Amino acid sequence: MPKRMAQDEPLPLSPIMLHMLLALSDGEKHGYAIMKAVEDDTGGDIAIPLGSLYGAIKRLIGGGLIEESDERPDPDLDDERRRYYRITPTGEQTLSAEVQRLERTVAIARAKRVSGKAG
Amino acid sequence: MNTRTPRPVVMQLWMLRVLMWLFPTGFRKTYRAEMLQTYRTRATNIYARQGYRGLLRLWAVTVIDLVVTAAQEHFEPSKRWQRIGGLALIGGGLLWVVLHLPFGVGWFQSPPIAMALLLIGLASMNFERTREQRAAPLRMWAGFMVTAVGLMAVLVGYMTAWIGGWHQTGITTVTGAALQSVGLLVMGMTAHENGKSWPMLLITGLVSGAEAVWLALFLWQDMLMASMLSVVGLVVFGVIGAMCWVGLGVMLWREGDEEVEISMA
């Protein structure tokens with residue numbers, strides 16, 4: 001049975017949600033910055049399209065994993081229509097649990113001598 | 001920041017504003033301005049680096065994704081929709097039996113308003129998708145298609161049987177009953193996919209199917225109308241059928257209570 005966190009957000013997280021939480025783990029970001037961070041972190045493997053990005057933001061907020069931030073890094077440097085998001089303590093817990101789950105999966109794969117390289 | 005937006009991006013933003021109407025009102029109001037802003041930044045950057053080709057690729061991906069995510073947002077499970085679906089099924093079931101018995105008009109001549117309510121309830125129950133299912137779009141859309149086919153079968157079956165009952169045409173009534181039953185069983189299977197009340201839906205389909213067999217047997221004996229007006233026909237297929245609908249509604253309502261709200265209020 002998958003472990004369930006607060007707000008009943010089930011593990012495993014979808015790859016998009018996992019990478020979005022990772023993107024927010026080092027500081028609050030607006031939508032485009034999240035999109036860009038995920039793309040950079042995954043070397044372009046995950047490029048979140050517009051609708052999926054905001055659908056995921058809505059679900060992460062609904063699940064209590066992220067929240068809207070009132071603070072702005074520098075209002076002069078940024079468009080005031082942008083909203084910033086930050087990870088919540090529940091989001092950090094969930095992210096940590098997901099990372100542990102992935103570590104266990106990798107450990108199992110290594111124990112079975114499954115290589116990360118195809119072929 | 002006042003960077004100049006290239007003309008092709010401006011045109012895409014204009015079309016994007018139109019596409020935004022695909023989304024539910026709440027979602028649109030909350031995210032519209034921000035989505036446009038995000039697209040503007042992304043498209044401007046891509047246009048600067050990759051030109052028209054990159055911009056067109058981004059546009060194609062964005063349009064497909066917007067259509068899919070807008071549909072997902074409309075079918076997002078929520079307490080509100082589950083409760084409305086539950087109430088529709090309860091109301092439809094009660095109307096079915098209340099208007100059915102005193103007039104003795106037979107199962108297939110139940111009022112269209114009852115059927116409309118039942119269809120709303122069935123749609124609410126079957127179009128709901130779990131997060132795991134939404135993560136597998138192909139499977140999710142296959143489920144939607146099967147559900148739509150099931151709903152159509154129930155609706156067409158009801159109308160066929162209604163017409164058959166009205167004109168006292170036995171074979172039409174039986175065909176309608178059978179089609180309605182098949183539709184309910186198909187929907188029972190898709191409801192099984194999302195783990196919602198499917199045994200009750202299958203029972204409802206089986207009751208409807210049993211009625212089709214019952215009618216067919218009497219048709220074979222050339223006694224169709226007698227079967228529809230018989231006490232057995234009224235009680236078994238009228239009362240038990242309606243109880244199934246009400247039961248489904250209560251279960252759906254209760255599941256709506258249990259469901260964790262994951263969408264923004």
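Within what distance do the axes of helix α2 and helix α3 of chain A come, and at roughly what angle do they cross? In this predicted model, the axis of helix α2 (residues 31–41) of chain A comes within 11 Å of that of helix α3 (residues 50–62) of chain A, and the two cross at roughly 110°. Since angles from 65 to 115 degrees count as roughly perpendicular, α2(A) and α3(A) are therefore roughly perpendicular to each other. On the side of α2(A), the contact is formed by A:Gly31, A:Tyr32, A:Ile34 and A:Met35, while α3(A) contributes A:Leu50, A:Leu53, A:Tyr54 and A:Ile57.

Confidence is the next matter to consider. Chain A has an average pLDDT of 83, with 79% of its residues scoring at least 70, but over residues 1–9 of chain A the pLDDT is below 50, although this stretch has 18 contacts in the model beyond near neighbours in sequence.

For chain B the mean pLDDT is 73, and 61% of the residues reach 70 or more. Among the elements of chain B, the highest mean pLDDT, 93, belongs to helix α1 (residues 7–19), and the lowest, 55, to helix α5 (residues 131–134). Residues 104–108 of chain B stay under 50 in pLDDT, and the model gives them 25 contacts beyond four places in sequence; residues 259–265 of chain B are also below 50, with 25 contacts beyond near neighbours in sequence. Where pLDDT is low, the predicted coordinates should not be read in detail. For the model as a whole, the scores are ipTM 0.84 and pTM 0.57.

Conventions. Residues numbered from 1 in each chain as written. Chains lettered and ligands numbered in written order. Predicted model: local features only at pLDDT ≥ 70, side-chain atom pairs only at ≥ 80, totals over all residues. Heavy atoms only, no water. Axes fitted to C-alpha atoms, helices over the stretch in contact; angles between N-to-C directions. Helix = DSSP H or I, 4+ residues; strand = E, 2+ residues; numbered from the N terminus. Parallel < 35°, antiparallel > 145°, perpendicular 65-115°, else oblique. Contact = heavy atoms within 4.5 Å. pLDDT = per-residue confidence, 0-100.
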